[in-house]
Amino acid sequence: MNKILLFNPKSAVAKHRVPNSILNIAASVEGKYEWAIVDGNCETDPLAKIESYLNTGEYKYLGFTVMPGPQLRESVPLCKAIKEKYPHTKMIWGGYFPSTQPAAVLTSGYVDFIINGPGDHAFPQLIDALEDGKPFEFIKNIIYLGATGIVKNAKEDLIDQETLPPLPYNKLTDFYPMEKYLGRTYLGEHTLAYHSSIGCPFTCSFCAVVPIYEARWKAKSAQTVYKDVKYIKDKWGADAIEFHDNNFFVSEKRTVEFSKLIAPEKMSWWGMARIDTMDKFSDASLDAVREGGCKIIFFGAESGNDNVLKQLDKGGTQTGEQIIRFAERLKKFDIIPEYSFVLGTPAPTPQKVQAQIDFDIDFIKKVKAVNPRTEIVLYTYSPVPTEGSELYKQVLESGFQYPQTLDDWVSPAWENFDMRKNPLTPWLTPEMIDRIRNFETVLNGVYPTVTDIRLNDLKRRTIKAISALRYKINLYSYPYEIKFLQRAWKYRQPEIQGF
């Protein structure tokens with residue numbers, strides 16, 4: 001009774017992606033412990049599927065990967081039910097949510113351990129210790145409930161990604177067909193999700209990556225990434241790639257090398273980057289990136305206000321002027337910049353909060369003026385518990401508090417907080433949130449995202465014509481006619497649904 005069941009909670013309504021995080025964990029125990037995968041995205045009744053394994057009496061360990069939002073919402077009731085019926089099951093959570101909210105997770109009574117960051121070494125070491133009855137106090141990257149409270153073990157140095165075993169794609173197909181994970185997107189008919197690196201070398205105070213990776217970054221070589229992608233292309237027909245790295249483009253040399261390797265395969269791809277990093281790329285490098293198939297790149301613009309960028313501890317050299325200039329620069333390379341903005345950061349007075357929101361609304365329109373193809377993704381600022389951050393200090397001084405229990409976290413209001421859509425923060429009024437959301441509705445009406453492949457030309461022209469006057473005269477209140485069409489046509493928002 002030492003088999004391992006790995007569960008990927010539901011994160012998408014229709015678009016399924018290779019569950020890379022739990023596949024990494026499967027690779028870490030491959031050949032030592034038997035394992036199975038249950039993917040909540042592919043199951044109509046995931047609890048019944050999990051119980052079908054646990055009822056054999058062979059599975060002792062159950063690993064969950066948990067992101068805020070939909071995955072957390074599914075994980076909490078499932079874990080409750082499992083722990084009640086199978087009390088001897090060891091429940092281990094990994095992912096961003098438990099790493100940043102360990103107290104709520106471990107005091108729930110149904111989660112035994114948290115993997116704090118990469119689990120490639122921590123997870124198998126923890127299983128070994130539990131199997132052999134040995135101490136786990138010195139296993140790096142784990143958090144648990146000790147006799148005196150929450151115990152957070154030391155963090156491990158980031159692992160050289162070249163030393164890790166390959167992901168067991170072939171064994172994944174014993175549970176779910178690979179074709180199910182290669183969905184149709186804006187990028188291609190059969191889109192692969194892939195991680196080529198972990199972490200990010202920056203310390204933005206609003207980013208959940210920072211507390212986990214602490215400004216560190218490690219990547220697979222361009223050759224390894226190419227070999228993995230080509231294998232899946234040749235075996236299962238992948239024709240496009242979503243790189244889910246936190247920051248794919250850290251190294252110009254690696255990026256260009258990969259671009260040149262992948263170019264003959266004629267695959268389209270997407271990844272995440274920083275504006276000030278890629279603005280240093282030479283024109284020749286950007287040419288190589290586009291020739292290699294890159295169609296669209298996600299950038300954290302965050303704000304056009306230099307004071308807000310400083311408040312967010314964006315780091316590097318990014319400025320409002322650079323954000324606009326770089327959007328214009330990418331036009332000649334036929335690469336679509338996808339800019340995210342974080343509106344609603346704390347300020348001393350409500351008037352200053354509103355002024356910052358209005359500033360960025362005007363700034364976004366300036367970005368669109370220089371490069372109309374720029375995709376805009378809007379978030380409302382949600383605090384991240386980054387120790388030592390001046391911004392987080394401001395958040396706490398405002399009276400903001402996180403929920404103390406998992407039941408509170410999965411309430412409807414806090415789920416919206418997790419999705420960065422309607423945060424319960426003291427400095428934001430309902431009117432401010434309406435201002436942001438209504439502007440987003442009008443903006444998406446005038447400039448429907450190119451990534452919504454179901455929206456045909458006629459629908460695009462229609463919604464643009466209806467929205468254009470509002471956008472021109474800055475009339476954003478009560479855009480019910482636009483919302484009606486977006487709801488009727490099931491308009492896709494990339495910040496919630498991906499491509």
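Biologist: Is tyrosine 181 buried or exposed, and at what relative accessibility?

Modeller: Buried means under 20% relative accessible area, exposed over 50%, and partly exposed in between, with a 1.4 Å probe and protein chains only. Tyrosine 181 is buried, because its relative accessibility is 0%. This is a predicted model, in which local features need pLDDT of at least 70, side-chain atom pairs count only at pLDDT 80 or more, and totals for chains, interfaces and linings use all residues. Residues are numbered from 1 along each chain as its sequence is written, and side-chain values use heavy atoms, with hydrogens and water left out.

Biologist: Where does tyrosine 181 lie, and which residues is it in contact with?

Modeller: Helices (H or I, at least four residues) and strands (E, at least two) are DSSP runs, numbered from the N terminus. Tyrosine 181 belongs to the loop between α7 (169-172) and β8 (191-194). Contact means heavy atoms within 4.5 Å. Beyond its neighbours within four places in sequence, tyrosine 181 is in contact with residues including His16, Pro19, Asp39, Cys42 and Thr191.

Biologist: Which residues does lysine 490 touch?

Modeller: Asp452 and Arg454, once residues up to four places away in sequence are not counted. Lysine 490 sits in the loop between α21 (480-488) and α22 (494-497), and counts as exposed because its relative accessible area is 59%.

Biologist: Which residues of α9 meet α10?

Modeller: Ala222, Gln223, Val225, Tyr226 and Val229 in α9 meet Arg254, Glu257, Phe258, Leu261 and Ile262 in α10.
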